[in-house]
Amino acid sequence: MIDRLRIPFRNEPQFDSPHLKTNLLIQYHLSRLEFPRVDYVTDLKSCLDQIIRIIQAIIDLCAHKALLSPCILAIQFLQMIIQARWITDPDILTLPHVNDRSFAHIFQSYLCQLLDIQRETLADLLNGHLSNNEIDDIYEYLGRLPQIELALKIRGFWKKNEETRTLPANVHAEQEYTLQISLKRLNRTRVSIDRNKIIDLFNRKILL
Amino acid sequence: MTTSAVAKPKDESWMFILGNSDTGELICLKRFNGNIRSHTTVSLSFVTSKQLGRQRLTLYFLSDGYLGLDQQIDFFLDVESISFQAQINTELDSIADELDRRLAELN
């Protein structure tokens with residue numbers, strides 16, 4: 001099993017170590033590899049049950065210690081766990097039925113560029129590679145992905161009254177200001193937003 | 001979709017991080033749980049630095065579940081000398097807010 005790991009162990013592996021086992025299980029999960037024995041699937045499940053809370057705690061710790069890049073790395077790790085993909089993989093591999101790196105050449109774009117794609121354009125790209133039903137699944141999934149526009153303003157005191165200003169802005173040192181973030185969802189709302197859940201794709205793999 | 005202990009559909013959830021990538025400092029983190037509807041506003045309070053002059057800050061907008069949909073916005077702040085007047089007004093304002101809240105609870 002060890003030979004198939006993307007990030008090899010640095011030291012001589014200690015086969016009785018729980019750290020080694022967790023590392024192995026998580027790497028298999030991220031590469032969506034199949035386990036040679038079904039016992040490992042149960043182990044991975046209990047591992048994934050814990051890991052999300054642990055990563056959330058790491059994120060809080062990084063925020064508390066004011067560490068910017070470790071915090072972002074922890075969040076990216078969380079995304080990798082949820083999607084069962086490596087962040088170094090093309091992001092279109094998180095689409096349903098897209099399980100092969102060769103799809104990166106077919107799409108020739110990033111996930112965020114596909115959110116607006118027309119059904120016909122998508123079908124033209126994928127005909128011959130996937131069935132019609134599979135293309136429908138991808139189209140529906142893309143329509144549910146959040147497409148969000150951000151705009152920023154800053155609110156606080158400059159002189160006597162509280163004001164909201166646009167950025168860039170002059171601010172006073174050592175004073176509390178509030179960044180006001182306006183979020184606008186741009187999606188074609190073909191699906192009601194309440195049904196809009198991230199469906200953890202890795203489950204398909206685990207349930208195999 | 002709920003077929004196993006881990007196979008739960010998950011609500012969207014977001015994290016906003018305000019940081020200074022030049023110094024590697026994380027200034028503020030805020031989680032936003034739930035779906036962003038057509039218009040939503042999120043407030044992120046922070047305290048400006050002691051250091052004067054122009055600084056570049058970045059707002060990172062990260063999903064906790066999707067890969068490849070993260071966004072970041074850079075912006076500049078020109079930090080000027082401390083203003084006690086503005087600081088006192090900020091504090092008075094938050095005290096006034098607190099009073100309003102307590103009065104509302106009493107009524």
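Eight bridges connect strand S1 (residues 148-157) of chain A with S4(A), and the two strands run antiparallel. The model discussed here is predicted.

Visitor: Which residue of S4(A) stands opposite A:Leu152?
Guide: S1(A) and S4(A) are antiparallel and joined by eight bridges. Within this pairing, the residue of S4(A) that stands opposite A:Leu152 is A:Ile181.

Visitor: What is the bridge partner of A:Ile181 in S4(B)?
Guide: Strand S4 (residues 176-185) of chain A also pairs with S4(B), in the antiparallel sense and over nine bridges. In S4(B), A:Ile181 has as its bridge partner B:Val42.

Visitor: In what order do the four strands of the open sheet stand?
Guide: S4(A) pairs with S1(A) through eight bridges and with S4(B) through nine. The edge strands, each pairing on one side only, are strand S2 (162-166) of chain A and S4 of chain B. The pairing is antiparallel, and the order is S2(A)-S1(A)-S4(A)-S4(B).

Visitor: What angle does the direction of H1(B) make with that of S1(A)?
Guide: In the open sheet of four strands, the twist from one strand to the next averages 30°. H1(B) packs on this sheet and touches S1, S2 and S4 of chain A. The angle between the directions of H1(B) and S1(A) is about 110°.

Visitor: Which element gives the most to the side of chain B that touches chain A?
Guide: The contact comprises 63 residues from chain A and 65 residues from chain B. Several elements of chain B each supply at least two residues to its side, among them strand S2 (13-20), strand S5 (53-63) and helix H1 (84-106). The residues on this side comprise 31 nonpolar, 24 polar and ten charged. The element that gives the most, with nine residues, is S4(B).

Visitor: Which element supplies the largest share of the largest nonpolar core?
Guide: This core has 51 residues, and those touching the most other members include A:Cys71, A:Ile75 and B:Phe16. Both chains contribute: elements giving two or more residues include helix H2 (39-64) and S4 of chain A, as well as S2, S3 and S5 of chain B. The largest share, nine residues, comes from H3(A).

Visitor: Which residue of chain A does B:Phe16 touch?
Guide: B:Phe16 is one of the core residues that touch the most other members. Leaving aside residues up to four places away in sequence, its contacts in chain B include B:Phe32, B:Val42, B:Leu44 and B:Phe61. From chain A, B:Phe16 touches A:Ile181.

Methods. Residues numbered from 1 in each chain as written. Chains lettered and ligands numbered in written order. Predicted model: local features only at pLDDT ≥ 70, side-chain atom pairs only at ≥ 80, totals over all residues. Contact = placed C-beta atoms within 7 Å. Nonpolar A, V, L, I, M, F, W, Y, C, P; charged D, E, K, R; others polar. Pairing = 2+ DSSP bridges. Axes fitted to C-alpha atoms, helices over the stretch in contact; angles between N-to-C directions. Core = buried A, V, L, I, M, F, W, Y, C linked by C-beta atoms within 7 Å. Buried ≥ 20, exposed ≤ 12 C-beta atoms within 10 Å, placed from the backbone.
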